[in-house]
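Work through the exercises below with the sequence and the model at hand. Each task is followed by its solution.

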Amino acid sequence: MLQSFTRKVLAISALSLPLISFMAPSALADKANFYVENNSNVAISELYVSDSSLGNWNNDILGQSTLDSNEKITIVFADSSPDRCLYDIKAIFADGQKVEDYRINVCTSEQYQFFDK
């Protein structure tokens, strides 16, 4: 069972409602894509990426899928505004562990990674 996670942020885009692309990133205005990587030993069963200003979580962006160990997904945001850069991330792992991180600046980094500690 996972004890805790080290969080590392490197992200490049920010927008309001995330969409997931499991293929090559598609171009949206002049914003790049944001990647979430699971470098832990347990699959992520739910993943939420929400604008920090909203105060609540958007829908689970994985849906019926999981983000297995050593996999990553590309999150393409619907709003290309450079004014929205702070996002919250929540993952619920297959073993029930929850990890939340707040105010991730996705305009200055390109990915967020979950690790075992």
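**Exercise 1.** Which residues form one aromatic cluster?

Solution. The model is predicted: local features need pLDDT of at least 70, side-chain atom pairs count only at pLDDT 80 or more, and totals for chains, interfaces and linings use all residues. Residues are numbered from 1 along each chain as its sequence is written, and side-chain values use heavy atoms, with hydrogens and water left out.

The cluster consists of Tyr48, Trp57 and Tyr102. Rings of Phe, Tyr and Trp (its six-membered ring) pair if their centres lie within 6.5 Å; planes under 30 degrees apart are stacked, over 60 edge-to-face, and the rest tilted. The whole structure holds four aromatic pairs. One of them joins Tyr48 and Trp57, tilted, at 6.3 Å centre to centre and 55° between the planes.

**Exercise 2.** Locate the salt bridge and classify the burial of its partners.

Solution. A salt bridge is a side-chain nitrogen of Lys or Arg within 4 Å of a carboxyl oxygen of Asp or Glu. The search finds one: Arg84 with Asp51, closest N and O atoms 3.4 Å apart. Arg84 lies in the loop between β5 (71-77) and β6 (86-93) and Asp51 in strand β4 (residues 44-51), so the pair ties together parts 33 residues apart in sequence. Strands are DSSP runs (E, at least two residues), numbered from the N terminus.

Buried means under 20% relative accessible area, exposed over 50%, partly exposed in between (1.4 Å probe, protein chains only). Asp51, at 6%, is buried; Arg84, at 36%, is partly exposed.

How values were computed. Helices (H or I, at least four residues) and strands (E, at least two) are DSSP runs, numbered from the N terminus.
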